[in-house]
Amino acid sequence: MKLWKRILAVAVVAVAAGVLLYFGIGSNRLASLEVIPDNALISRPTINLWYTDEALGDYLGSVALDFSEEKNVRVIPKLVSGLEYLENINRDSLQTNTYPDLYIISNESLEKASLSGLVSPIRDEAGAVNESNFSRPALEAVTYDGKLVGYPFYFETSALVYNKTYMEALALSALEAEADALAGEEAMQELDENGEPLVPDGEGNNPEPETFTADEAQLQERIEAMIPATIDDILTFANSYDAPEQVEAVFKWDVADIFYNYFFVGNYIDVGGPTGDNTEKIDIYNLDSIKCLMAYQDLNQFFSIDPEEVDYDSVVREFIEGKLVFTVATTDIVAKIEEAKKNGEFPYEYGVTNIPNINEELQTKSLSVTNAVVVNGYSQKKDIANEFAAYLTVDRAQNLYERTGRMPARKGVTFTSPQAEAFGREYGLSVPIPKMMATSNYWVQMEIAFTRIWSGDGVSDTLKALSEKIMTQVTGQPFEEEYIEEPEKEEYVGEEE
């Protein structure tokens, strides 16, 4: 039932009761109110939930209603502007009695919220926020100063998306070629003494060779084997792939956005330690990160992508139009492709898999952002606020994706789409975005560094300058790194694309 209908039903009950303001009772539940004394509803405690993502509106209203009926407490979700979000929460917490008891926020803002007194360590009495229900990145994302300060709600990360129809055609062609080669070998073994093929005698001897037909399991196994485990595998694929006419690029992604690039260095750059809040643990400039960015730079000669002309939306559009075989995308691509399929704009099958490593030596790790439900440090109703936060993020996580398109951080959620489920696996391997205010401009600076390196600037020099700038911010004094020589480049085998 739509939210406005529930509000209308509440208004009817309110008039009948005298003076009553209550959020979200559906008309189909009015009968239950008949046995509740008038003053019971008026005396219910109220907790306020603030959020900024409009897509969550109906879902939060529904969950709040169910919780309200179970616990005899009113939960009022409120959509607010994301501009100066924490500043407004802080102002209302200090000056009004309508401030949020809990709110939804990205994990990268948890240090700022904590230092402002707007965070209360969770009171997870049921023990729901643990490794059974949440992955390592989810728990690290909501940890600050050694304490769990939020309930992981939903996440964003990137994964490798591929056109399965193209892969299937290639796999089938390879299997047919192998079958033909095998048939040729068998035919050579069945020549007569004059070197002529044996002729079928009609009695089952020397039968005609059977036409090759690949079974589904055989085909699927070959497709799985062809999915690239490394960037080197993609290069090998590109060098040998006889692409259909509509394919314009084997691999293309938004090289101008750090979110789609960070996986190249995510395994070797440390900004804040596992929980992203320790200024003593910053390691940006090291040999492995240099090697990774050298490999990244080399890709420009194979996949010529102009950072000035590419953006994420254009890449997704090209993938849907069948112009790409592989791309790096975030969770929203699943809904976009499914919508395109319904409209007849995507006549293909597709798959989602983990971000590939660079090569056998250098591993990758994608970046993730976790949105958490946080209890306001100023709330006078922390117990019930904590109880609702656990209810929302653990008990009711199953329907989050279907209702909102947001990927739940909770483990064990089942999806109708295997592609959506694949993003959850990637999230479990990701590195959470750091929380430190001292490095808040790190992402802008890193994005600039990636662009310069892609365009041909020296890798070691660029990364060294970035590291020194960030360390100077953190330490408050000039910082100089010892120079690291770039190792000799390994030449890729194959022609440039």
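Biologist: Is the crossing of helix 11 and helix 18 left-handed or right-handed?
Modeller: The crossing of those two, helix 11 and helix 18, is right-handed. Keep in mind that this is a predicted model.
Biologist: Thanks! At what angle do helix 11 and helix 18 pack, and how far apart are their axes?
Modeller: Helix 11 covers residues 287–298 and helix 18 covers residues 459–475. They pack at about 125 degrees, and their axes are 9 Å apart. Angles from 65 to 115 degrees count as roughly perpendicular and those over 145 as roughly antiparallel, so helix 11 and helix 18 are oblique to each other.
Biologist: OK, on to helix 9. Which residues are buried there?
Modeller: Helix 9 spans residues 231–240, and its buried residues are Ile231, Ile234, Leu235, Phe237 and Ala238.
Biologist: And why do the buried residues of helix 9 line one face?
Modeller: Looking down the axis of helix 9, the buried residues fall within an arc of 160 degrees, so they line one face of the helix.
Biologist: Which exposed residues does the face turned away from the buried side carry in helix 9?
Modeller: That face of helix 9 has Thr236 and Ser240, both exposed.
Biologist: What does a side-chain oxygen of Thr230 reach at the start of helix 9?
Modeller: The Thr230 oxygen comes to within 3.4 Å of the backbone nitrogen of Asp232.
Biologist: Let's switch to aromatics. How many aromatic pairs are there?
Modeller: Counting ring pairs with centres within 6.5 Å, there are 24 aromatic pairs. In one of them, the rings of Tyr442 and Trp443 have centres 4.7 Å apart and planes at 70 degrees, so this pair is edge-to-face.
Biologist: Are Tyr442 and Trp443 buried or exposed?
Modeller: Tyr442 has 0% relative accessibility and counts as buried. Trp443, at 14%, counts as buried too.
Biologist: Which residues do ring pairs link into a cluster?
Modeller: The cluster joins Phe251, Trp253, Phe263, Phe264, Tyr296, Phe303, Phe450 and Trp454 through ring pairs.
Biologist: Now for the loops. Where does Ile269 lie?
Modeller: Ile269 sits in the loop between helix 10 (258–261) and strand 8 (270–271). With 6% relative accessibility, Ile269 counts as buried. Ile269 and Ser289 are 20 residues apart in sequence, and their C-alpha atoms are 6.6 Å apart in space.
Biologist: I also had Leu94 on my list. Where does it lie, and how far is its C-alpha from that of Tyr378?
Modeller: Leu94 is part of helix 4, residues 85–95. Leu94 counts as exposed, at 53% relative accessibility.
Biologist: Last topic, backbone angles. What is the phi of Asn72?
Modeller: Asn72 has a positive phi of about 55 degrees, although it is not a glycine. Asn72 is in the loop between helix 3 (57–71) and strand 2 (74–79), and at 40% relative accessibility it counts as partly exposed.
Biologist: And what about Asp145, what is phi there?
Modeller: Asp145, also a residue other than glycine, has a positive phi near 55 degrees. Asp145 is located in the loop between strand 4 (143–144) and strand 5 (147–148). At 53% relative accessibility, Asp145 counts as exposed.
Biologist: Great, thanks for walking me through it!

Definitions and conventions: Residues are numbered from 1 along each chain as its sequence is written. This is a predicted model: local features need pLDDT of at least 70, side-chain atom pairs count only at pLDDT 80 or more; totals for chains, interfaces and linings use all residues. Side-chain values use heavy atoms; hydrogens and water are left out. Buried means under 20% relative accessible area, exposed over 50%, partly exposed in between (1.4 Å probe, protein chains only). Helices (H or I, at least four residues) and strands (E, at least two) are DSSP runs, numbered from the N terminus. The arc is that of the directions from the helix axis to the C-beta atoms. A polar contact is a pair of N or O atoms within 3.5 Å; within protein, one must be able to donate a hydrogen and the other to accept it, and residues adjacent in sequence count only if both atoms are side-chain atoms. Rings of Phe, Tyr and Trp (its six-membered ring) pair if their centres lie within 6.5 Å; planes under 30 degrees apart count as stacked, over 60 as edge-to-face and the rest as tilted. Axes are lines fitted to C-alpha atoms, for helices over the stretch in contact, and angles run from 0 to 180 degrees between N-to-C directions. Angles under 35 degrees count as roughly parallel, over 145 as roughly antiparallel, 65 to 115 as roughly perpendicular and the rest as oblique. A crossing is left-handed if the near helix is turned anticlockwise from the far one by less than a right angle, and right-handed if clockwise.
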